[in-house]
Amino acid sequence: MQTADVVIVGGGIVGSSIAYHLTAAGCRNVLVLERETHTGKGSTGKSMGGVRAQFSTPVNIQMSLYSIPFYAAFDEVMGHPAGYRPQGYLFMATSTAHMDYLRTNHAQQVVLGLKAASLLSGDEIRAMYPKLRGDDIIGGSFCSTDGFVDPYSAMTGFMAKAVENGATLWRDCEVTGINRDASGINGVETTKGSIATRTVVNAAGAWAAGVAKFGGIELPVEPLRRMLVPTEPFDEFPHTAPMIIDMSTGFHFRPEGRGFLLAWNDAEETPGFKMNFEPSFIEKILVHAADRVPCFEHVPVNPKRAWAGLYEMTPDHHPIIGPAHGLRGLYFANGFSGHGVMHAPATGKLTSDLILRGTSDIISDPRAFALERFADGRMIHETAVL
Ligand SMILES: Cc1cc2nc3c(=O)[nH]c(=O)nc-3n(C[C@H](O)[C@H](O)[C@H](O)COP(=O)(O)OP(=O)(O)OC[C@H]3O[C@@H](n4cnc5c(N)ncnc54)[C@H](O)[C@@H]3O)c2cc1C
């Protein structure tokens, strides 16, 4: 029978980063199982690729303080491009409540050692981007090391290096069950047969709750559709722009190729495995786009190029990372709530540390993301979810 020291369920960016970090730490017999014939067909291939350290909770800031420098050094270390572009994230506030929120976050970020973030006045933002409608902007915050990566390329680089280090990737192989004995996990069932292992990592993205159920565990991870609209080539706004977030509506956009990628969180969206792009979304998002960026009023959009993907949401919008207490040998790396690409490097390191050493110094409390926090009433509060 096939055996592995660690089986990773899911070959997206999270599973790939975990495979890389495990093999880099010397654990060679790692088997990644991906049910699709190609990797990247889950959320990773649908992502906007934004990376930022401008968060409000210490754990999210710490995850970014590992991940962003990792992406900055990725090409050299992995011999493969991550496509990191430090063009920044610019949050724009139009209310004192939002400005106070940015001020509090900034103070927290400085305490944790983020040096590249600063607060801006409304006048500074209007001077930086005169093509934004700026009459109601009272200020904002900007971090120059935030920016974007190419999620598919980063995922491929992680996996290629993991394989070079001794890991194995099986595509077209779905995990259909988890086996156990008195000591805990002793294997998985797959469409390619049984595999003996004592350690399984659930990196199944939006499908993670189904995989956890194989082990008899209820995992509070829900799929939530998010849609992105790319514009056709458009030169009336600078392509050097950062990710720009209009906090009054949640509309945000960034340069992509010769055009721009537009995003907006539709509050009417309901959980479910909805993967289709809803054409009526284009009209809704263009209203917000033209309101904040008047030159977008006539921006050309081809609806056939727009797409939808799934966020993996948890009740407190923070991931679930670490061992399952109900089943020895099962680990979670799930529920990134919109941040799985930017936090994939830290997640790989944290998960690898927890499996191999039982602890980690990636975040102050390596148990902060434990599943038990929901039952124990220790939810983490973060309001900046994009
Ligand atoms: C529109 C959109 C925009 C986003 N923008 C950003 C952003 O700007 N920044 C950011 O950081 N994040 C963003 N995200 C979130 C990010 O893409 C995800 O958090 C991240 O890709 C999750 O990676 P993953 O590897 O956990 O999941 P996935 O990429 O979904 O991979 C999970 C894999 O598991 C496989 N699988 C599932 N069940 C099984 C099984 N039983 N057996 C074998 N294989 C299985 C699936 O086929 C899949 O390939 C965005 C997401 C969307 C949809």
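Which residues have the most contacts inside the largest nonpolar core? They are V7, I8, V9, A19, V30, M92 and V201, in a core of 115 residues. Keep in mind that this is a predicted model.

**The core**
- Helix 2 (residues 58-78) gives the most to this core, with 7 residues.
- V201, one of the residues with the most contacts inside the core, touches V6, I8, V9, I18, Y331, A333 and T351, leaving aside residues up to four places away in sequence.
- As background, nonpolar side chains tend to be buried together in soluble globular proteins.

**The domains**
- The chain is divided into domain 1 (2-48 + 151-221 + 315-376), domain 2 (89-144) and domain 3 (223-313).
- Between the C-alpha centres of domain 1 and domain 3 there are 30 Å.
- Where those two touch, the contact takes 15 residues from domain 1 and 10 residues from domain 3.
- On the domain 1 side of that contact, you'll find 5 nonpolar, 9 polar and 1 charged residues.

**Around the ligand**
- There are 40 residues around the ligand, and G12, G42, G205, G309 and G340 come nearest.
- Helix 1 (13-24), strand 14 and strand 18 (307-313) are the elements that give two or more residues to this shell.
- Strand 18 gives the most, with 4 residues.
- By class, the shell splits into 17 nonpolar, 15 polar and 8 charged residues.
- Domain 1 and domain 3 each supply at least three residues of the shell.

**A helix with two sides**
- Look at helix 7 (residues 280-292), where I285, L286, H288, A289 and R292 are buried.
- Why do these residues sit on the same side of helix 7? They cover an arc of only 165° around the axis, which puts them on that one side.
- The spacing rule behind this kind of pattern is simple: an α-helix has 3.6 residues a turn, so residues three or four places apart point the same way.
- What do the buried residues of helix 7 pack against? Their partners are strand 14 (222-230), strand 15 (243-246), strand 16 (252-256) and strand 17 (259-263).

Key
Residues numbered from 1 in each chain as written. Predicted model: local features only at pLDDT ≥ 70, side-chain atom pairs only at ≥ 80, totals over all residues. Buried ≥ 20, exposed ≤ 12 C-beta atoms within 10 Å, placed from the backbone. Arc of directions from axis to C-beta. Contact = placed C-beta atoms within 7 Å. Core = buried A, V, L, I, M, F, W, Y, C linked by C-beta atoms within 7 Å. Near = placed C-beta within 6 Å. Nonpolar A, V, L, I, M, F, W, Y, C, P; charged D, E, K, R; others polar. Domains from an automatic or database assignment.
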